[in-house]
Structures are given as structure tokens and as C-alpha cells.
Amino acid sequence: MINKLMEISAEHLNERKKDALFIARMELAAQGQFPRFLLISPITRSGQDLQLLSMNQGDALHATRVPGFAILPPDLTPALFTGPASFYSRFPSKKGVIVTFDIDESLEVIRETLENIKLHPELQSMPIIAFQVNYDNLRVKLIVHGKGRDYEYENRILHWVRKPDPLDDSLLVVICSDSRVRPPCTKRGVPMAIQTLAGYISKYSQHDDETKQLNRFFEKWLTSSKDTKRILIVAHGNFEGSGPSCSAGTESLNPRATSSKSLRLMIEELERSAIEFESIPASSPEDRVKSLSKATRANLLTYPAIVDSHDISQLEIDEVLMDTVTNALYLYD
Ligand SMILES: [Zn+2]
């Protein structure tokens with residue numbers, strides 16, 4: 001599978017290198033990231049939302065929501081929401097939070113999600129732009145709410161809407177929230193994605209937190225058909241010689257330097273989890289993100305739903321490297 005994905009990503013890169021806007025975005029990405037939006041998508045629509053809302057490289061830092069469930073209060077969802085949201089709040093370019101809901105999600109899920117987003121201490125003054133989307137017929141409904149809105153951006157974003165490529169729900173990509181990287185497309189379409197800091201997923205906790213929601217998602221996905229499913233864990237960084245590393249991976253080399261308390265908790269977890277896979281502590285962000293991929297793989301195998309499918313070979317888990325600027329894929333050494 002990885003060779004095919006590498007081929008497709010190389011083709012896309014060659015195609016995009018003919019586009020002046022894309023070249024400009026790559027040049028900017030080499031200098032850092034300046035995301036305007038925090039985009040919170042359901043796992044099933046994470047990749048499609050970037051296309052739906054015409055988000056180019058660098059436009060949106062990503063957080064993740066489990067479809068069918070409301071985002072939990074911040075202390076119960078450190079990896080999927082709180083960590084990426086804390087990270088986003090440091091950017092001076094920020095304009096607001098965009099959150100999307102699928103057409104079949106209930107008003108209760110929407111209401112609770114908006115309330116819990118506002119509980120994040122670093123998002124309290126941020127407008128929330130919320131859409132409910134029918135991805136089949138491209139109906140995008142603006143959700144009216146009282147949690148702080150930005151009418152100008154709501155209208156602008158509605159004008160950016162375009163039809164995304166089809167969903168390939170046989171592949172789930174686990175990748176960093178970084179606005180410069182995006183899940184690699186397959187021949188069938190756009191994969192599902194979980195986007196967290198450094199593409200890290202915590203161990204199954206057996207508590208009523210985000211890991212319980214994730215297990216319910218894995219269970220539903222993996223039993224939806226007998227076809228083989230795949231999870232691809234993507235570590236990103238400077239894999240072409242001169243580009244930027246993963247910022248969260250870099251911070252995990254020295255968590256004490258992270259000033260935001262809610263962010264530091266997540267960065268410390270990254271450090272703790274990574275060093276279990278390092279014979280000596282990593283000295284470069286690129287080595288660190290490789291250990292974090294191994295930690296994520298090991299943590300995925302603590303989820304009961306994943307263990308069940310992995311044991312009967314209905315689920316394959318692979319790892320790959322991605323360059324931050326070009327998004328080209330590379331195999332591990
Ligand atoms: Zn990263």
C-alpha cells in the first residue's frame with residue numbers, strides 16, 4: 001500500500017509544482033506556519049473538509065472530533081482537541097475556530113460540542129464558525145449559535161465551498177495537526193484522518209474520556225464490512241535536508257520550555273511516550289517523531305476494538321515519513 005501512496009503523492013507533487021499558488025505556499029511553509037483557522041472535523045471528514053472549504057497548505061491547523069459524539073470538556077480530550085487548540089492559540093494570524101458536523105449528527109451533539117469548545121481557556125474569545133454538511137449533495141448549513149460568531153468569515157467561507165473528492169473509508173491516516181501537512185490521498189479518494197500534535201494517540205484508558213469515544217469509532221469502522229482496513233501513521237519533519245521539523249516533536253525534546261500549561265501537559269506526554277522507544281533520548285526532532293509513531297502504534301494496540309481486528313488480520317497498521325514542505329512520502333530506513 002505504501003508504495004502506491006508514495007507514487008500518488010509524487011504525482012500530486014509534480015502536478016502542484018506547476019501551480020504558482022502552491023509554490024508560494026511551499027515557500028511560506030519553509031519559513032514556518034501561520035494558520036488562520038483551527039479546523040475541527042469529524043474523523044470521517046478530516047481530509048475532505050480541507051477540500052470542501054478550499055483550505056490550502058498552511059491555512060488551517062487541525063483538531064479532531066469523533067463522529068456521532070460531542071467534543072468532551074477540555075480535560076477529557078487532551079490529544080484530539082485540547083492540545084491542538086492550545087497550540088493554535090499561540091499564532092497571531094488566528095481568525096477563529098471552524099467546526100463541521102455531518103448531516104446525520106444530532107442537535108445535542110452540536111450544542112454540547114460548541115459549549116465544550118468554549119470551555120477551552122485559550123479559545124474563549126475566539127469566534128466559532130459552525131457548519132452542518134451533507135457531503136453527498138454539497139449542502140452546507142451555517143449553524144446559528146450564541147457562542148461568539150464572525151459574520152464576515154462565515155460568509156467568506158461559504159463562498160469557498162467546493163465539492164471534495166470521494167471518501168476512501170478503508171484508510172485511516174494518523175497525522176500531525178500542523179497546517180502544512182495533509183493526509184495523503186489514495187486512488188479511491190480522500191482517507192479519513194485523526195490529526196493531533198505530532199500525530200500522537202494516547203493509550204486506551206478505560207475511562208469515560210476521548211479514548212472511549214475513539215474505541216467506539218474503531219469498533220464501528222472495523223466491523224462495518226469484512227474488507228481489510230488500514231491505518232497509516234505519518235511522522236512529518238525535515239526529510240529532504242533543509243525544511244522545518246515537526247513543532248510539537250521539537251517541543252517534546254524540552255517540554256519545560258513550553259509556557260502554556262494545557263499545552264505543556266500534552267508535550268510532556270509526548271516526551272514520556274517517545275522515550276520508551278529510544279535507547280538514548282532523541283537528539284533531533286526527526287528521530288523524536290519516529291519514536292512517537294512507534295508509541296502511537298503501540299498505543300493503538302491497547303484499544304480493544306483494534307486488538308480484535310488486528311488479531312484476525314482485518315487491520316494492517318503501517319508507518320511512513322512525510323516532508324513538512326513538499327508532503328512527499330518516504331519509507332523508514
Ligand atoms: Zn507536527
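Colleague: Is L270 buried or exposed?
Modeller: This is a predicted model, and in it L270 is buried: there are 26 other C-beta atoms within 10 Å, and 20 or more is what counts as buried.

Colleague: Where is L270 found?
Modeller: L270 is in helix α9.

Colleague: And what does L270 touch, leaving out residues up to four places away in sequence?
Modeller: With those left out, L270 touches L197, A198, Y200, A248, S252 and L292. As for L253, its C-alpha is 9.1 Å from that of L270, and the two are 17 residues apart in sequence.

Colleague: Which residues have the most contacts inside the largest nonpolar core?
Modeller: They are L38, V97, V174, A198, V234 and L270, in a core of 81 residues. In soluble globular proteins, nonpolar side chains tend to be buried together.

Colleague: Let's take L38 from that list. What does L38 touch?
Modeller: Again not counting residues up to four places away in sequence, L38 touches L61, A63, A85, Y88 and V97. A85 and Y88 are among the buried residues of α4.

Colleague: Okay, on to α4. How many of its residues are buried?
Modeller: 11 of its 11 residues, so α4 is mostly covered. The buried residues include P78, L80, F81, P84 and F87.

Colleague: What covers the buried residues of α4?
Modeller: The cover includes three strands, β1 (37-42), β2 (60-65) and β7 (190-196). It also includes the helices α7, α8 (247-251) and α9.

Colleague: Since α9 is there again, at what angle do α4 and α9 pack?
Modeller: Helix α4 (residues 78-88) and helix α9 (residues 261-275) pack at about 125°, and their axes are 8 Å apart. At that angle, α4 and α9 are therefore oblique to each other. The crossing of α4 past α9 is left-handed.

Colleague: Which residues meet there?
Modeller: On the α4 side they are P78, A79, T82, G83, S86 and F87, and on the α9 side S262, L263, L265 and M266. By class, this contact of α4 with α9 has six nonpolar, four polar and no charged residues.

Colleague: How about α7 and α11, at what angle do their axes cross?
Modeller: The axes of helix α7 (residues 210-222) and helix α11 (residues 304-311) cross at roughly 30° and come within 7 Å. Angles under 35 degrees count as roughly parallel, so α7 and α11 are roughly parallel to each other. N215, F218, E219 and L222 of α7 make the contact with P304, A305, I306 and S309 of α11.

Colleague: What's the make-up of that contact of α7 with α11 by class?
Modeller: Five nonpolar, two polar and one charged.

Colleague: Changing topic to the backbone: which way does phi go at S54, positive or negative?
Modeller: At S54 phi is positive, about 55°, although S54 is not a glycine. Most residues other than glycine have a negative phi. S54 sits in the loop between α3 (46-52) and β2. S54 is partly exposed, with 13 other C-beta atoms within 10 Å.

Colleague: And where is L138?
Modeller: L138 is in the loop between β4 (128-134) and β5 (139-142). L138 has a positive phi too, about 65°, and is not a glycine either.

Colleague: Is L138 buried or exposed?
Modeller: L138 is exposed, with 12 other C-beta atoms within 10 Å.

Terms used
Residues numbered from 1 in each chain as written. Predicted model: local features only at pLDDT ≥ 70, side-chain atom pairs only at ≥ 80, totals over all residues. Axes fitted to C-alpha atoms, helices over the stretch in contact; angles between N-to-C directions. Helix = DSSP H or I, 4+ residues; strand = E, 2+ residues; numbered from the N terminus. Parallel < 35°, antiparallel > 145°, perpendicular 65-115°, else oblique. Contact = placed C-beta atoms within 7 Å. Nonpolar A, V, L, I, M, F, W, Y, C, P; charged D, E, K, R; others polar. Core = buried A, V, L, I, M, F, W, Y, C linked by C-beta atoms within 7 Å. Left-handed = near helix turned anticlockwise from the far one by under 90°.
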